[in-house]
Amino acid sequence: MEQGEKEESLRIASEIQDVSEKSEAYSNISKILMEQGEKEESLRIASEIQNVYWKSESYSNISKILKEQGDIKEAKSTLQESFELLQSLLKVLYVWHCLKTSESK
């Protein structure tokens, strides 16, 4: 992705109103940038993703790429961040499920 394409992609993504769709777009941009070796920019974009699922997905993708590049320590750290995000999401879903179950009784 060239500099102009990156800026245009980020501009378009910023205009998306739906948080989940915007987060997915940023996740995809982050992955492409990581594949192109723009690690810091990729991690910066991933860190700003609002949707927990897409943020976790983004960190998982970055971790895979880091592993392929031989940066095992950073890959493990990034994958750990992805797992922690998924754990928090699962906790929220569990509480939501418990609340819905208790409402139906």
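In which helix is Ser60 found? Ser60 sits in helix 4. The views below come from a predicted model, where local features need pLDDT of at least 70, side-chain atom pairs count only at pLDDT 80 or more, and totals for chains, interfaces and linings use all residues. Residues are numbered from 1 along each chain as its sequence is written, and side-chain values use heavy atoms, with hydrogens and water left out.

**View 1. Helix 4 crosses helix 5.** Helices are DSSP runs (H or I, at least four residues), numbered from the N terminus. The axes of helix 4 (residues 52-68) and helix 5 (residues 72-103) come within 8 Å and cross at roughly 160 degrees. Helix 4 is therefore roughly antiparallel to helix 5. Axes are lines fitted to C-alpha atoms over the stretch in contact, with angles from 0 to 180 degrees between N-to-C directions; roughly antiparallel means over 145 degrees. The crossing of helix 4 with helix 5 is left-handed (the near helix is turned anticlockwise from the far one by less than a right angle).

**View 2. Residues where helix 4 meets helix 5.** Contact means heavy atoms within 4.5 Å. Helix 4 brings residues including Tyr59, Ile62 and Leu66, and helix 5 brings residues including Leu79, Leu85 and Leu89. The residues of this contact divide into 11 nonpolar, 6 polar and 4 charged. Ala, Val, Leu, Ile, Met, Phe, Trp, Tyr, Cys and Pro count as nonpolar, Asp, Glu, Lys and Arg as charged, and the others, Gly among them, as polar.

View 3. Is Ser60 buried or exposed? Ser60 is buried, at 17% relative accessibility. Buried means under 20% relative accessible area, exposed over 50%, and partly exposed in between (1.4 Å probe, protein chains only). Not counting residues up to four places away in sequence, Ser60 touches Leu79 and Ser82. Lys67 also lies in helix 4. Lys67 is exposed, at 58%. Leaving aside neighbours within four places in sequence, Lys67 contacts Ile72 and Ala75.

**View 4. The aromatic pair.** The whole structure holds 1 aromatic pair. Tyr53 and Trp54 form it edge-to-face, 4.9 Å centre to centre, with 80 degrees between the planes. Rings pair if their centres lie within 6.5 Å, and edge-to-face means planes over 60 degrees apart. Tyr53 is partly exposed at 40%, whereas Trp54 is buried at 16%.

**View 5. Helix 2 against helix 3.** The axes of helix 2 (residues 19-35) and helix 3 (residues 39-47) come within 8 Å and cross at roughly 165 degrees. That makes the two helices roughly antiparallel.

Note on methods
Parallel < 35°, antiparallel > 145°, perpendicular 65-115°, else oblique. Phe/Tyr/Trp six-rings, centres within 6.5 Å; stacked < 30°, edge-to-face > 60°.
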